[in-house]
Amino acid sequence: MIHKKPFIIAEISGNHKQSLKRALKLIDAAADAGADAIKLQTFTPEGMTLNIKKGEFLLKDKKIAGAWRNKTLFEIFKKAQTPWEWHKKIFHRAKKRGLKFFSSPFDESAVDFLESLKVPFYKIASAENIHFPLLKKVTETKKPIIISTGMINIKELDEVVSYIRRLGCKKITLLKCTTEYPAPAKDSNILTIPYLKQRYKCDVGLSDHTLGIGASIAAIAHGATVIEKHLTLNRKDGAIDSFFSLETDEFRSLVIESKIAFESLGKIKINISKSEKKYLKYRRSIYVAEDIKKNQKFTKMNLKVIRPGLGLHPKFYEKLIGKKSKIDLKKGSAMKKFYA
């Protein structure tokens, strides 16, 4: 398996609370935390749903997260949208802070708009991964595409990957995703990541909606090359996605631990590392535990396997017991092979 340094994305979503000043603070927070990129969501509520306040347009299900329950789809999208006139300023701040910037378009008009801002690549959200007209529009840009795999089955995913490749997409990254907010860790199924890499011969990462960073670190250990997590300034501030997002210090921990996890992968090796060599002398070896006279037998009382490791290898211990010493030996002497 070829390992790549994980690319860490801070998802801003609607955590700006409809404040451009707050959105720019989120960009600074992402940069301060060490993220590689920030991602927006580009849509209008009118482009997402109908402004109807009853029936299937009203979220009454008790399983729906508190911040969203009893709201209409239109109300949620209105609260969550990032105004299009903000994008340029947000992307400018991101560039100034050394961050890559891109977005998830939710319809074809959003793609045209994002093209005018020269985004380097696109993200397809889980709810849009079967939106074939959108997939076609994004593929026509000839730019890399990241696709979240929430709410999709393997047959549908086969169709999606085959479709965009047929249209000429050269670079696809799939993100294992569980569309739940927050997502239970037990539903993350991180072991799917190497399977997707093998099946589709592409980079695979994780769009992580769990609380904390454990799932992300596990994903890196299984070959994830992209990690996407939501970022907030304060999880208790009532922003639309704050309740399952990471705060700045937590995001910084994600970046640090992701780097450590990646570096720890190394390669298949069962050998003494350079850093371990100075500790070899502290392994166990055979030492004289009591004074021994010439021709006296070695016993389990006068020979011990102890630290440090300057004596004979412990594998010779049983063979020595019962043999006679060739010389006088003092307690504390490191046992040598020619003493027996």
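## Pockets, cavity and overall build

Three elements each supply at least two residues to the lining of the largest pocket: β2 (37-42), α3 (73-80) and β8 (226-230). The model is predicted. The pocket holds about 800 Å³ of space. Its lining counts 34 residues. The protein chain around it has 340 residues, with 11 helices and 10 strands.

**The largest pocket**

- Trp68, Phe77, Ala127, Thr179 and Tyr181 are the lining residues closest to the centre of the largest pocket.
- Helix α3 gives the most to this lining, with 4 residues.

- Lys4, Lys5 and Phe7 are among the residues that line the second largest pocket.
- Phe121, Pro144, Ile145 and Ile146 also belong to that lining.
- Lys171, Thr173, Asp203, Thr225 and Val226 line the second largest pocket as well.
- By class, the lining of the second largest pocket has 6 nonpolar, 2 polar and 4 charged residues.

**The enclosed cavity**

- The count of cavities of 30 Å³ or more comes to 1.
- The volume of the largest cavity is about 30 Å³.
- Leu206, Ser207, Asp208, His209 and Thr210 are among the residues that line the largest cavity.
- Thr178, Ala183 and Ser188 line the largest cavity too.
- The cavity lining divides into 5 polar, 2 nonpolar and 1 charged residue.

**Overall shape**

- The C-alpha trace of the protein chain spans about 100 × 45 × 40 Å along its principal axes.
- The radius of gyration of the protein chain is 30 Å, whereas a compact globule of 340 residues would have one near 20 Å.

**Burial, surface and contacts**

- Buried residues account for 46% of the 340 residues in the protein chain.
- The protein chain has an accessible surface of about 18300 Å².
- Carbon and sulfur atoms hold 55% of that accessible surface.
- Take the contacts in the protein chain between residues at least 6 apart in sequence: 66% of them join residues at least 24 apart.

Definitions and conventions:
Residues numbered from 1 in each chain as written. Predicted model: local features only at pLDDT ≥ 70, side-chain atom pairs only at ≥ 80, totals over all residues. Heavy atoms only, no water. 1 Å grid on protein atoms, 1.4 Å probe; cavity = no way out; pocket = protein on both sides within 12 Å on 5 of 7 lines; lining within 4 Å. Points joined across faces, edges and corners; volume = space filled by probe spheres on them. Nonpolar A, V, L, I, M, F, W, Y, C, P; charged D, E, K, R; others polar. Rg over C-alpha atoms; globule rule 2.2 N^0.38 Å. Buried < 20%, exposed > 50% of the residue type's maximum accessible area, 1.4 Å probe, protein only. Contact = heavy atoms within 4.5 Å. Areas by Shrake-Rupley, 256 points an atom, 1.4 Å probe, with all protein chains shown as cover.
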